[in-house]
Amino acid sequence: MSQQQLIEAMSTIKEQEALAIAQDMVKQGADPFAILEACKQAMTIVGDNFAKGVYFLPELVMAGQILMQISELIKPLLKEASSDKESLGRVVVGTVEGDIHDIGKDIVVLMLEVNGFEVRDLGIDVPAAKFVEAVREFDPQVVALSGFLTVAFDNMKKTVEALKEAGLRDKVKVQIGGGQIDEEIRRYTGADDYGLDAMEAVSFAKKVVAGGVQ
Amino acid sequence: MSQSPQELFAEKEARVDTAIALGVPDRVPVTCMTGFFPAYYAKVSLRDVMYDADKMIAAWTQTLRDFDFDTADNPFMIRFLGAIMESLDYKQLKWAGHGVDDMSGYQFVEGEYMKPEEYDEFIFDPTDFMIRRYWPRIFGALAPLAGLPPLREIITYSMGLANFAALGAPGMREVGLALIKAADAGQQMGKNAAQFAGVIKEMGFPSTYQGFTQAPFDTLSDYFRGTLGGMMDMFRHPDQLMAATEKMLPIMLRLGLSTKQRGGTKVFIPLHKGLDGFMSNDQFLRFYWPSLKALIEGLVAEGLIPVVLWEGECTSRLEIIGDVPAGKVVYHFERTDIFKAKEIIGDRVCLKGNVPLSLMVTGGPDDVKAYCKKLIEVVGKGGGFILDAAAPADDAKPENLQAMIQAAKEYGRYA
């Protein structure tokens with residue numbers, strides 16, 4: 001069983017097949033990082049297919065499920081090996097105060113992580129002060145604010161203002177996303193960008209760390 | 001010259017019904033999915049209106065006095081929920097004063113209220129599954145029902161009479177008391193809903209819809225399996241998902257048809273999981289659309305009018321979803337390209353919508369009027385169009401709702 005077969009099975013969302021291949025690879029003593037690398041390549045294909053409109057949320061969710069199970073499988077092996085994984089950058093993510101929706105946010109977190117970002121997920125119903133605190137501690141390049149309800153408009157705005165008051169606004173780029181979010185709301189909240197799906201969160205974060213967002 | 005409420009009612013009803021039948025009314029009808037807007041407008045807390053019928057009626061009628069919509073939403077069955085949810089310790093919503101602050105609308109608590117391994121039990125007997133497995137999970141006060149034997153086994157003197165013993169189990173007396181409280185609250189809701197229906201009729205407003213149902217796939221995914229569960233089941237349990245959806249169809253159809261017994265004609269069907277991004281067109285055609293189409297056709301066959309709210313966006317599915325009886329169905333769009341919809345399905349389906357909430361909440365009246373003007377000129381061309389907000393207008397600026405009404409009156413005349 002090879003890395004290539006794992007990439008093929010996982011990127012075509014064949015769950016049982018992918019898990020069986022990963023188990024075989026472990027049994028044959030494959031390098032756990034090679035297995036992880038295969039998963040990462042598969043997730044890149046899944047992400048590309050999502051961006052192209054070939055795959056949709058169900059495929060992203062299933063790929064995430066497969067990834068989670070394979071990660072569990074090789075976790076014991078990874079502990080022995082070193083954990084010097086390179087990080088592309090840091091992102092703070094959370095659903096703003098007054099809003100408890102988490103599905104979209106969770107998918108954003110998953111896709112950022114598999115694309116090499118270190119993510120601090122603040123959860124749901126997150127007050128502005130908690131975002132400020134997290135930015136201070138974690139020093140991210142990007143803050144991603146999620147919200148499904150219209151009540152989120154004002155609380156996103158408040159969060160952006162709180163970052164400004166804390167003197168942190170220039171240190172981070174803010175992206176917003178979810179439900180009713182559009183360019184109108186981006187302007188209203190004072191965010192730098194808005195995204196319509198998880199892959200737009202990834203491409204924005206990549207652009208920011210590459211210095212492409214002024 | 002002022003019109004009597006009866007004349008107003010007849011005029012508004014004809015305007016809306018003509019548009020639904022794809023005809024050309026006197027002008028473009030303007031309605032509004034107001035959500036909790038009337039509470040914000042009347043400056044009463046959402047907590048107050050969810051528990052106090054008088055306050056709810058006062059806020060909603062104040063709104064109707066000030067905003068000349070062509071229909072009115074009756075808020076009682078889906079918003080006056082405080083007492084009944086309280087009595088049952090309902091778990092699937094957080095509401096004003098109960099998990100969210102007094103001025104916030106209610107929010108749904110996603111969960112896996114049915115496990116994938118329970119599909120077969122559900123498919124075998126959905127009602128039994130609901131009473132003994134699902135209710136105990138969504139109503140804290142009904143948790144002891146989980147200990148009951150199946151009620152279907154109580155058949156005759158020789159089969160099942162001893163099963164009544166289970167009603168004496170610990171906690172069952174409290175279940176009984178909770179059910180009595182829920183019954184009282186339910187009766188109150190019904191009375192208030194009828195009262196409100198009378199009030200708006202006297203004011204000259206037809207009601208927007210008189211019944212409610214959902215797409216079979218959505219009911220399963222929203223309330224039983226969860227959004228993610230529904231998605232994963234398409235890969236892991238496709239056959240059971242299909243079978244459960246088919247089982248749900250007649251339940252949803254009868255729920256919708258009950259509108260008729262109340263003398264109503266319009267059935268509201270908000271859609272959630274079949275939108276662009278939530279599944280591919282292949283998945284839509286396999287898992288979602290067949291049972292929704294059957295539901296729509298079943299309602300139309302009985303003389304009812306499905307008012308389908310396509311939340312989110314479904315521009316990629318316009319070719320598919322146009323396959324419904326012509327002139328009998330309303331599609332309310334949120335983010336779908338409604339201009340494209342006019343081209344593709346405008347000859348079969350009355351289109352409704354879709355002034356963006358971003359504009360309604362953060363824009364000004366001029367922006368709103370400009371957007372409405374374009375909608376009226378393009379989507380309203382030749383009739384078959386109802387102007388409305390894209391989604392519940394909860395915290396829209398009042399002047400923006402007025403601008404939407406003005407736009408219909410100023411730009412929407414057909415003659």
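A: Let us begin with a term: a residue is buried if 20 or more other C-beta atoms lie within 10 Å of its own, exposed if 12 or fewer, and partly exposed in between, with C-beta atoms placed from the backbone. This is a predicted model, in which local features need pLDDT of at least 70 and side-chain atom pairs count only at pLDDT 80 or more, while totals for chains, interfaces and linings use all residues. Residues are numbered from 1 along each chain as its sequence is written, and chains are lettered from A in the order in which they are written.

Q: OK, so is Gly179(A) buried or exposed?
A: Gly179(A) is buried, because 22 other C-beta atoms lie within 10 Å.

Q: And where is Gly179(A) placed?
A: Gly179(A) sits in the loop between strand 4 (173-177) and helix 8 of chain A; helices (H or I, at least four residues) and strands (E, at least two) are DSSP runs, numbered from the N terminus.

Q: What does Gly179(A) touch, not counting residues up to four places away in sequence?
A: With those left out, Gly179(A) touches Gly147(A), Phe148(A) and Leu149(A), where contact means that the C-beta atoms, placed from the backbone, lie within 7 Å. Ser146(A) is 33 residues from Gly179(A) in sequence, yet their C-alpha atoms are 8.9 Å apart in space.

Q: Changing topic, how is chain A divided into domains?
A: Chain A has domain 1 (3-80) and domain 2 (89-209), with bounds that come from an automatic or database domain assignment. Taken over C-alpha atoms, the centres of these two domains are 27 Å apart. Their contact takes eight residues from domain 1 and seven residues from domain 2.

Q: Which elements give two or more residues to the domain 1 side?
A: Those are helix 3 (32-51) and helix 4 (57-80) of chain A, and the largest share, five residues, comes from helix 3.

Q: What about the largest nonpolar core, which residues touch the most other members?
A: Of its 178 residues, Leu6(A), Leu112(A), Ala389(B) and Met404(B) touch the most other members; a nonpolar core is a set of buried Ala, Val, Leu, Ile, Met, Phe, Trp, Tyr and Cys residues joined through C-beta atoms within 7 Å. Helix 4 of chain A gives the most to this core, with nine residues.

Q: Why does this core lie between domain 1 and domain 2 of chain A?
A: Both domains give residues to this core, so it lies between them.

Key
Two residues are in contact if their C-beta atoms, placed from the backbone, lie within 7 Å.
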